[in-house]
Amino acid sequence: MISARVLIRPKEGILDAQGKAVESALPALGFGGIEHVRVGRIVELNAESADRLDELCEKLLANPLIEDYEIEVL
Amino acid sequence: MIWGVLQFPGSCDERDAQNACERAGAETRLIWQDETDLSGIDGIIVPGGFSYGDYLRVGAIAQFAPAMGAVAEFAAKGGPVLGICNGFQVLCESGLLPGALLTNEGTRFISRQGDLVVAEAESPFLSEMSPGEVISIPFKHQTGRYFAPPEMLERIEANNQVAFRYAEGQNPNGSLNDIAGVVNEAGNVMGLMPHPEHAVDPLTDSTDGLKLFRGPARVEA
């Protein structure tokens with residue numbers, strides 16, 4: 001078995017509403033000087049092999065129209 | 001006409017969809033997510049809700065339900081398929097419709113009555129309406145911002161695949177080109193974010209939603 005971590009994030013240029021919401025809350029919490037906040041997600045998994053991880057990302061874990069992904073085999 | 005109304009774990013607007021079809025003079029049958037036999041079904045509705053909890057990404061998991069395989073075959077043969085709200089998201093994730101739906105620009109869930117303008121698309125669902133006509137139906141979603149990459153958007157516009165646009169000044173979510181609904185290239189598959197199935201009873205004022213549900217039967221007849 002291998003362990004892998006998949007990082008999925010909104011494509012550059014697409015408005016990330018979640019990131020924007022986090023960013024706009026920061027000043028009220030006393031965090032200044034922080035910008036360009038983007039929120040993605042991490043999927044951790046174990047697999048018999050890494051062979052089909054790309055296909056898994058293309059078909060399910062990410063939507064290639066709106067998201068980029070990176071696979072890290074640990 | 002018999003409509004098959006899909007039901008996933010987490011669907012919640014399937015009864016309203018059935019009610020709308022029945023008020024439009026048709027019969028309905030609920031189709032559980034693992035059914036693959038669509039014999040006797042004349043049209044499919046993929047209803048709103050939160051299929052599979054909307055985990056991972058809205059509509060992402062429902063695309064793999066066995067019933068969706070049958071719906072793809074049904075659509076390929078030209079059968080009418082209507083996806084509403086979560087159903088629209090599912091059809092986009094399945095690749096039956098172009099584009100994707102993102103979190104509303106304002107991040108909030110919205111729920112209010114609004115106006116849609118009928119666009120130029122040709123579809124059995126639009127057979128009772130004309131381009132430019134305005135219908136009033138509920139907007140009710142949090143992930144309704146229509147997005148397509150520039151080349152895809154250009155193609156959708158050039159092919160007249162936009163079915164509905166939000167009326168001027170009423171785009172509630174930041175959708176590109178005010179797009180509220182699109183059709184596939186053949187026009188038999190349609191998806192839209194607003195809810196025609198919630199606008200079918202004079203008690204709730206507008207009955208404009210009925211026009212969509214009556215459309216395919218008119219074409220059939």
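This is a predicted model: local features need pLDDT of at least 70, side-chain atom pairs count only at pLDDT 80 or more; totals for chains, interfaces and linings use all residues.
**View 1. Asp178(B) has a positive phi in a loop of chain B.** The loop lies between S9 and S10 of chain B. Phi of Asp178(B) is near 60 degrees. That value is positive, and the residue is not a glycine.

**View 2. Asn160(B) is another non-glycine residue with positive phi.** Its phi is about 55 degrees. Asn160(B) sits in the loop between helix H4 (150-158) and S9 of chain B. How is Asn160(B) classed, with 15 other C-beta atoms within 10 Å? Asn160(B) is partly exposed, because the count falls between the limit for exposed residues, 12 or fewer, and that for buried ones, 20 or more.

**View 3. Strands S9 and S10 of chain B pair in the antiparallel sense.** S9(B) covers residues 162-166, and S10(B) covers residues 179-183. The two strands are joined by 3 bridges. Phe164(B) faces Gly181(B) of S10(B) across the pair. Ala163(B) has contacts beyond its neighbours within four places in sequence. Among them are Gly181(B), Val182(B) and Val183(B). Ala119(B), Ala121(B), Ser123(B) and Leu126(B) are also in contact with Ala163(B). Met190(B) and Leu192(B) complete the list.

**View 4. A mixed sheet of 9 strands runs through chain B.** The sheet is open. Its order is S2-S1-S3-S4-S11-S10-S9-S6-S7. Which strands stand at the edges? They are S2 and strand S7 (134-141) of chain B, and each pairs on one side only. From one strand to the next, the twist averages 25 degrees.

**View 5. The largest nonpolar core holds 68 residues.** Ile45(B) and Ala163(B) touch the most other members. Which helix gives the most to this core? Helix H2 (residues 66-76) of chain B does, with 6 residues. In soluble globular proteins, nonpolar side chains tend to be buried together.

**View 6. Helix H2 of chain B has a buried side and a face turned away from it.** The buried residues are Ala67(B), Met68(B), Ala70(B), Val71(B), Phe74(B) and Ala75(B). Why do they lie on the same side of H2(B)? They cover an arc of only 155 degrees around the axis, and that puts them there. The face turned away from the buried side carries exposed Pro66(B) and Glu73(B). After the helix comes Gly78(B), with a positive phi near 100 degrees.

**View 7. Helix H1 (residues 14-23) of chain B has buried residues and a glycine just after it.** Glu14(B), Asp16(B) and Gln18(B) are among the buried residues. Ala17(B), Ala20(B) and Cys21(B) are buried as well.

**View 8. Chain A follows the pattern β-α-β-α-β along its sequence.** It has 2 helices and 3 strands. The radius of gyration is 15 Å, well over the 11 Å that the globule rule gives for 74 residues, so chain A is more spread out than a compact globule. Its C-alpha trace spans about 45 × 25 × 15 Å along the principal axes. Of the 74 residues, 8% count as buried. Contacts between residues at least 6 apart in sequence include 68% that join residues at least 24 apart.

**View 9. The 3 strands of the chain A sheet pair in the antiparallel sense.** The sheet is open, in the order S2-S1-S3. Strand S2 (41-47) and strand S3 (67-73) stand at the edges. Each has a single partner strand, so one side of each is left without a neighbour in the sheet. Neighbouring strands are turned by 20 degrees against each other on average, direction ignored. Strand S1 (residues 2-10) of chain A pairs with S3(A) over 7 bridges. Within S3(A), Asp68(A) stands opposite Arg9(A).

**View 10. Helix H2 (residues 53-61) of chain A lies across S1, S2 and S3 of chain A.** This helix runs at about 150 degrees to S3(A).

Terms used. Residues are numbered from 1 along each chain as its sequence is written. Chains are lettered from A and ligands numbered from 1 in the order in which they are written. A nonpolar core is a set of buried Ala, Val, Leu, Ile, Met, Phe, Trp, Tyr and Cys residues joined through C-beta atoms within 7 Å. Helices (H or I, at least four residues) and strands (E, at least two) are DSSP runs, numbered from the N terminus. Two residues are in contact if their C-beta atoms, placed from the backbone, lie within 7 Å. The arc is that of the directions from the helix axis to the C-beta atoms. The radius of gyration is taken over C-alpha atoms; the globule rule is 2.2 Å times the number of residues to the power 0.38. Two strands pair if DSSP finds at least two bridges between them. Axes are lines fitted to C-alpha atoms, for helices over the stretch in contact, and angles run from 0 to 180 degrees between N-to-C directions.
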